[in-house]
Amino acid sequence: MTTIFRPATAADVPAIVALLADDALGAGREDPSDLAPYAAAFARLDPNTLLAVAEIEGQVRGTLQITVIQGLSNRGGRIALLEAVRVESALRGQGVGQAFVAWAMDRARDRGCSTIELFSHESRTAAHRFYARLGFAHSHVGMRLSL
């Protein structure tokens with residue numbers, strides 16, 4: 001099984017949206033039947049954002065997004081925010097996600113980041129175990145306010 005990790009293209013958007021919608025949380029907030037808002041969002045991605053896919057045997061089977069945030073804290077360090085990590089459910093537990101996140105960390109280092117952070121919904125307990133196995137520490141409390 002050959003896996004290629006690469007930046008996403010506009011043609012990948014339908015597969016990415018399908019991956020985002022393929023769980024209990026995503027099913028309630030994503031709508032693969034209306035791709036227009038996703039295509040518009042893809043067109044607005046800025047150079048500080050890397051939307052990537054994991055392609056296996058010519059098919060998009062995973063996705064993630066890295067956003068580089070330049071700040072003044074931490075001596076002006078850059079932080080990579082890792083979001084929307086998804087691997088097709090049939091492939092979970094086979095090392096695809098682990099390799100994909102390692103690839104993402106390398107891309108963050110390439111962009112001068114000294115830290116990588118992520119947010120994961122409280123309900124994603126299996127994802128929390130996955131990230132802990134990769135060395136991520138539960139170090140912060142996240143909060144959200146809808147605008």
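The largest nonpolar core of this predicted model has 24 residues, where a nonpolar core is a set of buried Ala, Val, Leu, Ile, Met, Phe, Trp, Tyr and Cys residues joined through side-chain atoms within 4.5 Å. Buried denotes under 20% relative accessible area, exposed over 50% and partly exposed in between, with a 1.4 Å probe and protein chains only. Leu-64, Ile-66, Leu-82, Phe-100 and Trp-103 have the most contacts inside this core.

**Cores**

- In soluble globular proteins, nonpolar side chains tend to be buried together.

- Beyond its neighbours within four places in sequence, Leu-64 is in contact with Leu-50, Leu-51, Ala-52, Leu-82, Glu-83, Ala-84, Val-85, Phe-100 and Ala-104; contact means heavy atoms within 4.5 Å.
- E3 is largely enclosed by the rest of the structure, because nine of its twelve residues are buried.

**The sheet**

- Five strands form an open sheet of mixed pairing, in the order E1-E2-E3-E4-E5; two strands pair if DSSP finds at least two bridges between them.
- Strand E1 (3-7) and strand E5 (113-118) stand at the edges with a single partner strand each, so one side of each has no neighbour in the sheet.
- On average, neighbouring strands of this sheet are turned by 25 degrees against each other, direction ignored; axes are lines fitted to C-alpha atoms, for helices over the stretch in contact, and angles run from 0 to 180 degrees between N-to-C directions.

**Strand pairs**

- E2 and E3 run antiparallel and are joined by eight bridges, with Gln-65 in E3 as the bridge partner of Leu-51.
- These two strands, E2 and E3, form a hairpin with two residues between them, and Glu-57 in the turn has a positive phi of about 50 degrees.
- E3 and E4 also run antiparallel, joined by eight bridges; Gln-70 stands opposite Arg-78 in E4.
- Strand E4 (residues 78-87) pairs with E5 in the parallel sense over five bridges, and Glu-117 in E5 is the bridge partner of Leu-81.

**Basis of the values**

- Residues are numbered from 1 along each chain as its sequence is written, and side-chain values use heavy atoms, with hydrogens and water left out.
- As this is a predicted model, local features need pLDDT of at least 70 and side-chain atom pairs count only at pLDDT 80 or more, whereas totals for chains, interfaces and linings use all residues.

Definitions and conventions. Helices (H or I, at least four residues) and strands (E, at least two) are DSSP runs, numbered from the N terminus.
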